[in-house]
Amino acid sequence: QVQLVESGGGLVQAGDSLRLSCAASGRTFSNYAMGWFRQAPGKEREFVATISKSGFITDYADSVTGRFTISRNNAKNTVYLQMNSLKPEDTDVYYCAATYSQYAMTIFRGISEFGSWGQGTQVIVSS
């Protein structure tokens with residue numbers, strides 16, 4: 001298992017930007033595809049963004065396409081989620097997740113496909 005620690009959450013106003021970071025340790029980070037998910041109280045966890053272990057392939061939920069960007073720095077063992085034009089409906093706890101990937105270009109979107117999870121970081125967007 002790889003250990004994950006998220007940071008960068010906070011309270012912002014609608015239209016503002018935030019960058020979340022997720023630091024990985026314990027395994028070779030470049031062997032893992034990464035994802036970001038979010039969850040509100042009483043709701044199911046939902047997919048936000050994913051990136052292949054190479055960093056070349058990304059995918060996004062429709063609700064964040066064009067506003068959020070996922071990226072990774074394998075030298076720093078870190079994955080990022082740049083969130084622009086934030087909306088009140090983006091208010092959630094954001095979780096970083098990792099899954100071992102055999103192929104450089106494979107991406108994953110399903111919660112069950114990820115074996116390692118961080119503790120989450122809260123994002124609150126006020127209107």
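**View 1. Strand E1 and its pairing with strand E3.** In strand E1 (residues 3-7), Leu4 and Glu6 form the covered face, whereas Gln3, Val5 and Ser7 form the uncovered one. Strands are DSSP runs of at least two residues, numbered from the N terminus. E1 pairs with strand E3 (residues 18-25) in the antiparallel sense over five bridges, pairing being assigned if DSSP finds at least two bridges between two strands. Ala23 in E3 is the bridge partner of Val5. The model is predicted, local features needing pLDDT of at least 70 and side-chain atom pairs pLDDT 80 or more, while totals for chains, interfaces and linings use all residues. Residues are numbered from 1 along each chain as its sequence is written, and side-chain values use heavy atoms, without hydrogens and water.

View 2. Cys22, in strand E3, is buried at a relative accessible area of 0% (buried, under 20%; exposed, over 50%; partly exposed, in between; 1.4 Å probe, protein chains only). Leaving out residues up to four places away in sequence, the contacts of Cys22 include Leu4, Met34, Trp36, Thr78 and Cys96 (contact, heavy atoms within 4.5 Å). The Thr78 side chain reaches the backbone oxygen of Lys76 at 2.8 Å.

**View 3. Salt-bridge network around Asp90.** Arg38, Glu46, Arg67, Asp90 and Asp92 are linked in a network of salt bridges (a side-chain nitrogen of Lys or Arg within 4 Å of a carboxyl oxygen of Asp or Glu). Arg38 and Asp90 approach to 2.9 Å between their closest N and O atoms. Arg38 lies in strand E4 (residues 32-39) and Asp90 in the loop between E8 and strand E9 (92-100), so this pair ties together parts 52 residues apart in sequence. Arg67 also meets Asp90 in a salt bridge, at 2.7 Å from N to O. Relative accessible area is 5% for Arg38 and 0% for Asp90; Arg67 is likewise buried.

**View 4. Salt bridge between Asp59 and Arg109.** The closest N and O atoms of Asp59 and Arg109 are 2.3 Å apart. Because Asp59 lies in strand E6 and Arg109 in the loop between E9 and strand E10 (116-117), the pair ties together parts 50 residues apart in sequence. Asp59 is partly exposed at 23%, as is Arg109 at 41%.

Key:
A polar contact is a pair of N or O atoms within 3.5 Å; within protein, one must be able to donate a hydrogen and the other to accept it, and residues adjacent in sequence count only if both atoms are side-chain atoms. Helices (H or I, at least four residues) and strands (E, at least two) are DSSP runs, numbered from the N terminus.
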